[in-house]
Amino acid sequence: MNTPVTFERRGRIGLLRINNPPVNALSLATVTGLIEAFDAFEADASLGALLVHCDGRTFVAGGDISSFDAHDFSAAPYNTLLARLEASARPVVAALHGTALGGGLELALACHYRVAVPGTRVGVPEVKLGLLPGSLGTQRLPRLAGVALALDMMQSGRMLDARQALEAGIVDTVREGDALSVGLAYAESLVGDEVGPRRASLMQASMAGLAPGFFDKAMLDARKKPGYPALEAIVRCVQAAVRLPFAQGEQVEAEEFEHLRQSTTSRGLRHLFFAERQAAKIPGLAQDVALRTVASVGVVGAGTMGGGIAMSFANAGIPVTLVEASEEALKRGLALVRKHYEASAAKGKLKPEQLAQRMALLSGSLDYAALAGCDLVIEAVFEDMDLKAQVCARLGAVCKPGAIIATNTSTLDVNALAAATGRPADVVGLHFFSPAHVMRLLEVVRGEKTAPEVLATVMKLAGRLKKVAVVSGVCYGFIGNRMAEAYLREAEFLLLEGAEPQQIDSAAEALGMAMGPCRMLDMAGIDVGAKTVIERAKAGGLPADPSYRVLVRRLFELGRLGQKSGAGYYRYDGRKPLPDPELRNICEALAAEHGIARRSDINDGEIVERLMYPLVNEGARILEEGIAYRPGDVDMVWVAGYGFPDFRGGPLFMADQIGLETIVERMADYGIGRGNAFGYWTPSELLVRLAAEGKHFSTWRPH
Ligand code: T1G
Ligand code: NAD
């Protein structure tokens, strides 16, 4: 087993070398190795300076996140080492390359000098894990880079590039070359010039140039995001850096860090950190499966989704051919794409030359033959089985051998569409989320005949599109929409029973949902929602419950299509949703029609339970059926595609915190209270078993 840290002499320089692939994370063994290496340096007085360098693709990218769950985790040994490093009477230099992040940047800040090679990025992204820098970063960074920038870096988690780090005083010089040579040369020059140590802890974190009330405003802003307590804690630590001696500031940081480390919020965000990376791994798929080239893409249908999908590829520098059914539709589609880009340019998110570049990557045609040379073709025509099967058959004939054919269907049978192409091995579902050029989630639907290399190719491609790809098996609605069905079903019943859209949405948003179910459907389009229910009814897939999602279908019949028609669950003043008494009338009529009792005692607690527990239960069914590989995949789908609060770790992680036993009990209560003729409140076998065994989704593994 390779030792993660070694120490050697390089002339007058001691070289402390870290080598813990893939990102030199600070595992326990690495910290132990660092301490031993520094002992060796201290023991050899003949050395003039110490260089801290990392092998591999990056300097230390932070503490080992997987170690933070350990109940006996402590940052103290590492922090003590950093204090010894800084106290060294001989200069200590850090040579930076790759991404020096979190505990890695804190290591560098404890050194006296920092040199970087071009391409280096530095940052303290702990806030993304619900944490704060726990190795004196909250005390040293404000002293080196100034209070305002340090606070911003810690609260945003954004990285600085080498030039910005130099301007900020975080690094002392940026030099071409490999980090080791640059570092050794710099250390040598310090020894040669007899330059002594320079300790950040002895510097002042000055408030110079900052407006009065700087911290009051920072604290007010932090409190606007109650789901992220780390933001407030960071303000308190930086205030300590300004107002208290270093050692007392260190104490404040240690207490805040430990409190956050044990918090459900941070555990949820840490869970998602690994869930996102695990989602990219497909069990049973060889690591070295040969990938197909994707250098040109075709999109059939330039509507809401087709346009956004084309933008996702153009944004990644991949040329796209859009094929439409009519000249008018093609023009409309391309004009909408240009409008989106112009809106980004107007916000300064896109330079004019970038806009021109991206539009130049897009071409349109009415002729399917224009797709013959594409490596990947994605169909995004209306959600109609017959139409899609026709389109897939044409693609099966037109696309070149080896091309991948994908469908963006939300709900239809991917295996049937694959069969329609006549080459099912080349077919996969690529379910983008609206707006496709914005939403990070990509559900990759694995058909029963999808070839391994097709799956591997699109998973890799997702990274180029900056998407989080999660694999789903074939079933109605895949992972996300299938769970959303249970969620939307209960939202509807709550409305028919007397709850108001604004009450339901504010209860969901108080939980942390980016948008409640009523506003979400109004934004996506009531027609889109209704059509999926109608299509499902046609395919005989609906429960035998005559009142099942009757409201969305009635709104569609009434032309209340949501935001785009000015009324849906709400009426709209522009984009502003306003309560609409007419909706209560519609609900009262439907409730009477279906014998549903109206109530006035529906509270937020009931709303959240009725929205979330069936959703969690459907997630459990999806796991036991093998539609999703891991609970983390289900959590990633909801966090990256449905605005589920990441600080709750996703619906299944949240369920573990609530307690599966409680969820099973509450579902039984609702089943009794509301009747369970259609099985809405029947917990899945997996949920019942885990609850009975006192287990959690987080420890569940497929057989
Ligand atoms: N701990 C453990 N594993 C880590 C890790 C970490 N800090 N960073 C990455 N990995 C694993 C990751 O799971 C994956 O594993 C592999 O490395 C490659 O990562 C005391 C408390 C560095 C920008 O938050 O942002 O320091 O899936 O796929 O896209 O104050 O990883 O291959 O098995 O993401 O090239 C602060 C987290 C920690 C940085 C590289 N640091 N990492 O991105 O590769 S808290 C962070 C990243 C801390 C101190 C506190 C990115 C990256 P596997 P990858 P990448
Ligand atoms: P849309 O109505 O906005 O666009 C569909 C486009 O397909 C239209 O422009 C139409 O002219 C074109 N078209 C129809 N027949 C065609 C043909 N034979 N050849 C070429 N083009 C043809 O619909 P949308 O919302 O973009 O949905 C498209 C697909 O994406 C559907 O399967 C839908 O379920 C799925 N989807 C939609 C959303 C969403 O939120 N809208 C999200 C995910 C997936």
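**Entry 1: polar contacts of the ligand**

I began with ligand 1 and found one of its oxygen atoms 2.8 Å from a polar backbone atom of Gly 103. I note here that the model I am reading is predicted. Next I looked up Gly 134, where a backbone N or O atom lies 2.9 Å from an oxygen atom of ligand 1. I then turned to Ile 65 and recorded that a polar backbone atom of this residue is 2.9 Å from a nitrogen atom of the ligand. I also looked up how far the ligand is covered: taken alone, ligand 1 exposes 1,000 Å², and the protein buries 75% of that.

**Entry 2: the shell around the ligand**

I asked which elements give two or more residues to the shell around ligand 1. I found β5 (99-101), α3 (103-110) and α11 (264-278). The largest share, three residues, comes from α11. Of the 26 residues around the ligand, I listed Arg 57, Gly 63, Glu 106, Arg 277 and Lys 281 as those that come nearest.

**Entry 3: a pair of helices**

I reminded myself that two packed helices are described by the angle between their axes and the distance between the axes. For helix α4 (residues 137-145) and helix α5 (residues 147-156), I read an angle of about 135° and axes 7 Å apart. Lastly, I noted that the crossing of α4 and α5 is right-handed.

Technical notes
Residues numbered from 1 in each chain as written. Chains lettered and ligands numbered in written order. Predicted model: local features only at pLDDT ≥ 70, side-chain atom pairs only at ≥ 80, totals over all residues. Heavy atoms only, no water. Near = heavy atom within 4 Å. Polar contact = N/O pair within 3.5 Å; in protein donor to acceptor, adjacent residues only side chain to side chain. Areas by Shrake-Rupley, 256 points an atom, 1.4 Å probe, with all protein chains shown as cover. Helix = DSSP H or I, 4+ residues; strand = E, 2+ residues; numbered from the N terminus. Axes fitted to C-alpha atoms, helices over the stretch in contact; angles between N-to-C directions. Left-handed = near helix turned anticlockwise from the far one by under 90°.
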